[in-house]
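Dear colleague,

Please find below the structure that I am handing over to you. My notes on it follow directly after the display.

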Amino acid sequence: MHHVLAAIGSRIYLPSGYFGTVKYFGPIDGTAGLWLGVEWDDSTRGKHDGIKDGKRYFNCRVPHSGSFIRPSSACYGYPFLQALKNKYVEAVHGTAFQEKIVLGSSNGAIEVEAVDLDKIRGKFSNLERLREVSLDNEMVSTGNNPGEILSTCPNVRGLDLSATLVSSWDVVAMITTELHQLERLALNRNRLTPPSSHLPASAWLRLSELQLNGTWISWEEFTSIAILMPQLRMVELGYNGLTSLSHAKISTVLGHIEILNFDSNKLKDWQHISEAMKPCTSLQRLILSSNGIEGIPPRESHPSHLQGLKVLSLSSNRLHNSRDIDQLYEWCPNLETLSLAKNPLSEVSDVSRSARQQVIAKIPSLRVLDATAISTKERSDSELFYLSFVAKTVLGHDEDKLKEHPQWKTLCMKHGRPAESTADRDGRLGRYLIGRPLLDDRFIQCSEPPEGLFTPGMQGDLIVSTSLRVLSTMKLGLFRLRLVKALGAGKKPRNRHDIYVWLRMGDDTLALLQNDDQELGWWGIENNSHIVVYISRQTES
């Protein structure tokens, strides 16, 4: 194990699995010898805030996360190349051509013979060939002498230094300066002190992806570092306890970032987030899951710096009002992919049954919702349902509907106005049935299916005004069969896919109903709806 002087700010590790940062090194009153005052990454390991017998020795960022330990009980890590060789270079076993190995996933139950493993070991030990290096949890604490890393592994493109003992950005730069091809860097779950003012400009010239999850870095600190990363495109800043995105160090680098991940922080103010994104003019993907966002305010006269956004995750927040979706579209008019799972909006019973349909109808640009693609048919069905929903729930003129539902006018122009009606007390569905009759003088034959419009001529084909006692929760497939039975269209079973059903809309257009798994209520079928039925010739007996 590489031992160093326990400097303030250095990182340590205990064999029991705890990581910490040295905050104090020296004596404690009333005791012999030297002690380390440590702030633990896991606060449950701590006992106090750096105070012993009423005297403060150090401060903790997180309450009750500090304690004292003896220096000899801590691990101080390895230089980079030693950790690299420990991970990737395995000693040659010698002359044995066949070796027995135990499959790790079998808990020792499965043993197999492997041939010529030394040849494989030799390939892995050629560190010059490495492109991707993962030293996650490998206790790297420092770099090496100048030139050593460059001569050993010059072709590394991706490097993972997560959960190591690297203590500062200066140490990170000491390593990465010699990795001239480096494009991806993960530093998750480290605690890095701010850089000195003389960091080499060559440390991250080609870096395009950076992960800083769980590092407790501030937005101000990140933007200070980003100035040295001119090719940066993707940044992860999750689990950092961020409550604001203020005091950014503005640079042209922020204008190149396309993806920002703020998962599991405390960024609750939507307007503040939008304002903070002003320098990020190329931003296309924004992750805001689990931030405690309770609402999306009206945009009104506020500028939106999220108009170019195409992908947004708002899952696991506290959005509960469907109006938030209308206002979201005002801020993000080009949104194509949206995640809303685990919000009250999709869990409250009265709203959740139609939450997906309403979101699709409210955001015309949307292509994917909660990881499920939106087909052309689903969009059309959702918009028809939404029109019916608005017509039934919002009384008054178009101005009243438009005030509560901004997409009302646009969707009416696209699909026509829906019929507005009230429910009969007996719960029956009164309909006009137009069908393909079987040899019965009481019916007038419709030899061709309708052409998408309910015309006055169809009134002559009216079979009979019929009432069917059905529930709004009945599936469309079963409803087709009920219609055939009500029409008396033969006794033999028929393929229900040859029974075509249309719903007459408010402007007399006919909407074809195709998804047999959807409930009647979902389609907007209600009392006094007009249903057009056509039974294909091939189903006649």
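To begin with one side chain of this predicted model: Trp-204 counts as buried, because its relative accessibility is 1%, under the 20% cut-off. Trp-169 is likewise buried, with a relative accessible area of 2%.

A search of the whole structure returns 11 aromatic pairs. Trp-169 and Trp-204 make up one that is edge-to-face, with 5.7 Å centre to centre and 90° between the planes. This pair links distant parts of the chain: Trp-169 belongs to helix H4 (residues 169-176), while Trp-204 lies in the loop between strand E13 (184-186) and E14, 35 residues apart. The pair of Trp-219 and Phe-222 is tilted, because the ring centres are 5.5 Å apart and the planes stand at 35°. Trp-219 and Phe-222 are three residues apart in helix H5 (residues 219-226), so about one helical turn separates them. Both Trp-219 and Phe-222 are buried. Elsewhere, Tyr-24, Tyr-57, Phe-58 and Phe-68 form one aromatic cluster.

Two charged side chains also deserve mention. The charged end of Arg-45 sits over the ring of Tyr-18, 5.8 Å from the ring centre. For Lys-401, the charged end sits over the ring of Trp-408, at 5.7 Å from the centre.

Regarding the overall fold, the chain contains 14 helices and 26 strands. Of its 541 residues, 46% count as buried. The chain exposes about 26900 Å², of which carbon and sulfur atoms supply 51%. Among contacts between residues at least 6 apart in sequence, 71% join residues at least 24 apart.

An open sheet of mixed pairing is formed by 11 strands, in the order E10-E12-E13-E14-E15-E16-E17-E18-E19-E20-E21. Strand E10 (132-134) and strand E21 (372-373) stand at its edges with a single partner strand each, so one side of each has no neighbour in the sheet. Within the sheet, strand E14 (residues 209-211) and strand E15 (residues 234-236) pair in the parallel sense over three bridges. Val-235 in E15 is the bridge partner of Leu-210.

Finally, helix H10 (residues 376-393) has 18 residues and reaches 26 Å from its first C-alpha to its last, close to the 26 Å expected. Its buried residues include Arg-379, Asp-381, Glu-383, Phe-385 and Tyr-386. The buried residues of H10 pack against several elements, among them helix H7 (323-331), helix H9 (355-362), helix H12 (408-415) and strand E25 (510-513).

With kind regards

Terms used: Residues are numbered from 1 along each chain as its sequence is written. This is a predicted model: local features need pLDDT of at least 70, side-chain atom pairs count only at pLDDT 80 or more; totals for chains, interfaces and linings use all residues. Side-chain values use heavy atoms; hydrogens and water are left out. Helices (H or I, at least four residues) and strands (E, at least two) are DSSP runs, numbered from the N terminus. The expected span of a helix is 1.5 Å times one less than its number of residues. Buried means under 20% relative accessible area, exposed over 50%, partly exposed in between (1.4 Å probe, protein chains only). Contact means heavy atoms within 4.5 Å. Accessible areas come from the Shrake-Rupley method with a 1.4 Å probe; for residues, only the protein chains shown count as cover. Two strands pair if DSSP finds at least two bridges between them. Rings of Phe, Tyr and Trp (its six-membered ring) pair if their centres lie within 6.5 Å; planes under 30 degrees apart count as stacked, over 60 as edge-to-face and the rest as tilted. A charge sits over a ring if NZ of Lys or CZ of Arg is within 6 Å of the ring centre and within 35 degrees of the ring normal.
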